[in-house]
Amino acid sequence: MMNRLLGGAAASTCPAGGLPTLHAQAFPMLAPAMISQAAPYGEEISVPAGHVLLNSGDLEAAFYVVLDGYVEVFESDAAGAMHSLLMHRDSEFTGSLDLFTDRPNAVTVRADSTTRLLRVSRASLARLVLDERAVAEILLRAFILRRVGYLRHRPYGGAILRSTSPSGQPDSVLDLAVIGGGPAGLAAASYAASEGLHTVLVGGALSCTKSPVTEALPGFPGTITGLCGGGLLRRAEDQTRRFGSQVLPVRTASAFDSTCYPYRVWLDDGSVIEARSLIVATGMQEDGSAVAGANTAWLDGCLDTDDWGFIHTGREAAGSMQARAYESSQPGVFAVGAVRAGSVKHVLAGIAEGSAAVRVVHRFLDASAH
């Protein structure tokens, strides 16, 4: 029998109806000065009670800051019934990592009263995140925490752990190992864990250390260490463990064995993890010259790369005319973010690639299971 993973952590109650909310860091309020910074990127609107701002399943989406009133978030179950997830109030904001991807809306958002809002389109939100660093750090922290945590309070069920042995017990072999704790890696691990894949995120240099790597990813608010401030990775670790996954923020990958399956990855402490699929999101590093190369030395030539170590994927990968999107020359090994040859090297592109690759991982695992 498959193990069903349910959340169970402290929730707060909003004043308009007693709906459960996630950790306060996932639903912070924007200070008036930050709302003023965001205002030029959007338009102020007023909507009546019952007005639907976003429909589940639609591709059109926007980011909303509640200026005055209440906005309720709903999710549909398999039968189409709507279930309330949470309520946003004055100075709180809607949205998740889905705003930076091509995924359809996962939720429906509706005004619960006559409500005044700041509406920011997806395109304008991308400019806001790149231009207003103080605002961007709050938004990105909240979006990542929402992704790894929102299933905890779903009123019906939760994610299903995919890796099980014939006896029904969790399998020691992981569905997915994500190597690299930058924006692409965090997004990939968040989506994978919340969608039921038995996942580990190996952090490393991109996670919590100051290094030239942090400057090699233009467009990121402040530095990559900004996502570690305030214990983000500790909270992400707590959340993903509730899905049967784990985060190793201070470990780095030291070697990869592509000759056996499941694949094996050695870590810098001598431990070994086994996984049926791998997402490489280790970013870039300076080599002492003006050229930044990919952080792929630990792969020891197992994957097809360009002259700077960036990993070829899809049809660009040698010998892989049938490779899926983001898939390297090794079946089931994917590359996303700055480490991928031909990628756009900034945070929003990394988040989009990390989340999109998880859908391809599902397809690979389904195919390999048969």
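## Strand pairing

β7 and strand β9 (residues 108-111) are paired in the antiparallel sense, over four bridges. One such link joins V73 to its bridge partner in β9, V109. The model described here is predicted.

β7 and β9 belong to an open sheet of four strands, in the order β5-β9-β7-β8, with antiparallel pairing. At its edges are β5 (52-54) and β8 (82-88), each of which pairs on one side only. From one strand to the next, the twist averages 30 degrees.

## Residue E72

Strand β7 covers residues 71-76 and includes E72. Is E72 buried or exposed? Its relative accessibility is 8%, and buried means under 20%, so E72 counts as buried.

The side chain of E72 makes a polar contact, at 2.6 Å, with the side chain of S84. E72 and L86 are 14 residues apart along the chain, while their C-alpha atoms are separated by 6.0 Å.

## Nonpolar cores

The largest nonpolar core has 66 residues, and F63, L125, F143 and I279 touch the most other members. Helix α8 (residues 347-369) gives the most to this core: 10 residues. Another core, of 26 residues, lies apart from it; I273, L299, I311 and V333 are among its residues.

Which residues are in contact with L125, leaving aside its neighbours within four places in sequence? They are F63, L99, F100, V120, L139 and F143.

Note on methods:
Residues are numbered from 1 along each chain as its sequence is written. This is a predicted model: local features need pLDDT of at least 70, side-chain atom pairs count only at pLDDT 80 or more; totals for chains, interfaces and linings use all residues. Side-chain values use heavy atoms; hydrogens and water are left out. A nonpolar core is a set of buried Ala, Val, Leu, Ile, Met, Phe, Trp, Tyr and Cys residues joined through side-chain atoms within 4.5 Å. Buried means under 20% relative accessible area, exposed over 50%, partly exposed in between (1.4 Å probe, protein chains only). Helices (H or I, at least four residues) and strands (E, at least two) are DSSP runs, numbered from the N terminus. Contact means heavy atoms within 4.5 Å. A polar contact is a pair of N or O atoms within 3.5 Å; within protein, one must be able to donate a hydrogen and the other to accept it, and residues adjacent in sequence count only if both atoms are side-chain atoms. Two strands pair if DSSP finds at least two bridges between them. Axes are lines fitted to C-alpha atoms, for helices over the stretch in contact, and angles run from 0 to 180 degrees between N-to-C directions.
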